[in-house]
Amino acid sequence: MGAGVATETLPTRLFINGEQLDAAEGRTHDVINPATEEVIASVAAAGEEDVDRAVRSARATFESDKWRKLSARQRGEAVWRLGELILKNKEELARLETLNNGKPVFESMIDVRLAAATYKYYGGWADKIHGETIPVDGPFLNYTLREPLGVVGAIVPWNFPISLAAWKVAPALACGNTVVLKPAELTPFTAIRMAELAIEAGLPPGAFNCIPGPGSVAGSALVKHSDVDKIAFTGSTEVGKQIMRDAAGTVKKISLELGGKSPNIVYADADLDAAARGALTGIFYGKGEVCAAGSRLLVEDSAAEEMRTRILERAKKMVAGDPLDPKTRLGALVSKRQMERVLGYIESGKSEGATLLSGGARTPVNGKGYFVQPTVFEGVDREMTIAREEIFGPVLAMMTFSDGMTGATELANATIYGLAAGIWTRDIKKALRTAREIRAGTVWINTYNMYDAASPFGGFKQSGFGRDLGVHALEGYTQVKSVWVDLS
Ligand code: NAP
Ligand code: MG
């Protein structure tokens with residue numbers, strides 16, 4: 001791949017006020033292709049001065065008559081066009097995402113399509129956001145306006161760079177805000193390209209700025225900046241807590257989509273073939289670097305043996321491959337550091353007494369890359385580290401439960417997280433009753449990992465608050481003004 005990659009133009013600069021720029025202090029960061037371990041680009045790394053420049057540009061555009069004061073319909077059309085442009089450039093964007101993140105290009109294409117759908121969905125909302133008239137006491141007319149917040153800072157992780165950015169940028173723009181997007185330092189390419197495409201879509205310069213740079217510098221400066229009105233964050237629970245503290249200084253609005261340790265519950269009466277397929281998709285899709293990964297497989301004890309056979313049969317057939325090959329279904333972990341972290345968790349599983357059924361090791365492709373075998377543990381106890389902590393890798397912890405729905409939901413809820421859950425059963429009443437008892441923001445019944453721009457996504461408990469996607473996300477990017485008129 002080396003020579004081919006070196007000759008291609010990769011997006012490597014900050015994008016502020018419609019212009020490509022180097023970082024003020026000239027800092028750069030090497031971006032590595034995790035499948036080949038090669039440095040593929042040197043990308044500008046924003047510092048405090050750059051953050052300030054991006055925020056000032058976003059503020060100026062917000063205050064101008066070029067965006068928030070456009071008719072809602074015009075604004076919606078521009079956001080929709082950005083969705084169209086993403087689709088038009090889907091091959092390029094999917095390739096960039098794969099080179100950068102290591103995920104199979106087949107998956108990158110799904111992410112790119114979801115990003116495009118998200119812009120179109122919120123473009124469609126722009127002229128349907130309105131206030132209400134309220135019947136108050138006295139000779140008054142009272143009505144509400146739903147107004148944009150101002151400058152939104154979006155901070156996203158490296159696992160779904162294009163789609164998670166779209167989940168925040170699209171509703172923010174549709175509501176009339178302007179945006180400063182900080183992608184993860186590891187995965188800046190598609191974020192920068194999207195900000196460039198926004199100009200082509202007809203958004204004014206400054207509406208959508210992108211500042212790759214380290215979280216501890218650029219991310220932190222964005223959160224603390226006095227002229228940023230909201231931070232929309234996806235990432236780890238640990239950084240989420242830091243953002244809450246840092247946002248307090250300016251009483252910034254925040255929404256947090258954080259980690260998970262999602263249970264995938266298999267009742268004995270389920271279609272076990274479908275459940276086994278769902279269990280594997282739940283944990284091995286996206287190499288397990290998925291916040292909603294079904295990392296705890298909870299199987300009713302009477303079906304444990306049968307599930308184990310089915311899971312093993314399938315897991316053994318999953319092999320990592322070149323992520324750029326359209327047939328590949330398992331890619332490389334995003335970085336050496338992430339791979340080492342995941343291998344460390346696998347060691348902890350072994351040393352704490354779980355049984356390693358399959359996988360458990362690094363598996364280079366063509367002698368290179370941060371690939372880890374699909375790994376399955378059984379005999380996992382709820383107190384073990386691999387049952388409690390988010391691994392963010394292709395590692396499944398199989399546990400069993402007895403006592404039907406009571407046992408299932410008690411074990412499922414035994415976590416500080418509450419992002420998602422899966423339920424597999426042929427009994428519709430049991431499925432729906434279990435769905436009610438689960439403390440998580442998304443529940444999938446007889447399926448897993450389904451997303452749609454129209455369906456809200458976000459956490460209960462320490463998985464965060466606020467919602468991405470759907471009509472619910474609009475609340476996070478608007479504020480309500482109540483207007484009183486004396487009619488006497
Ligand atoms: P992370 O370390 O929390 O980073 C997320 C983003 O925050 C990155 O852009 C990062 O920048 C930035 N950041 C780091 N420190 C910061 C600070 N002090 N102030 C402001 N921004 C800061 O998470 P990650 O390691 O990239 O991603 C994995 C984690 O994200 C997992 O725990 C996973 O569960 C979570 N996640 C959650 C969801 C969800 O929807 N709930 C989705 C995906 C991932 P740099 O990386 O450039 O330093
Ligand atoms: Mg990090």
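1. Conventions. Residues count from 1 along each chain as written, chains are lettered from A and ligands numbered from 1 in written order. In this prediction local features need pLDDT of at least 70, side-chain atom pairs count only at pLDDT 80 or more, and totals for chains, interfaces and linings use all residues, while side-chain values use heavy atoms, without hydrogens and water.

2. Shell. Ligand 1 is surrounded by 28 residues, each with a heavy atom within 4 Å. Val156, Glu185, Ser236, Leu258 and Glu390 are the closest. By class, the shell holds 15 nonpolar, 9 polar and 4 charged residues; Gly is counted as polar.

3. Placement. Domain 1 (7-258 + 463-483) and domain 2 (263-452) both contribute to the shell, so ligand 1 lies between them. The bounds come from an automatic or database assignment.

4. Elements. α8 (215-224) and β10 (230-234) each supply at least two shell residues. The largest share, 3 residues, is from α8. Helices (H or I, at least four residues) and strands (E, at least two) are DSSP runs.

5. Polar contacts (N or O pairs within 3.5 Å). The side chain of Ser236 places an N or O atom 2.6 Å from a ligand 1 oxygen. A backbone N or O atom of Gly235 is 3.4 Å from an oxygen atom of ligand 1. A polar backbone atom of Glu257 lies 3.3 Å from a nitrogen atom of ligand 1.

6. Burial. Ligand 1 alone exposes 890 Å², and the protein buries 85% of that (Shrake-Rupley, 1.4 Å probe).

Note on methods. A polar contact is a pair of N or O atoms within 3.5 Å; within protein, one must be able to donate a hydrogen and the other to accept it, and residues adjacent in sequence count only if both atoms are side-chain atoms.
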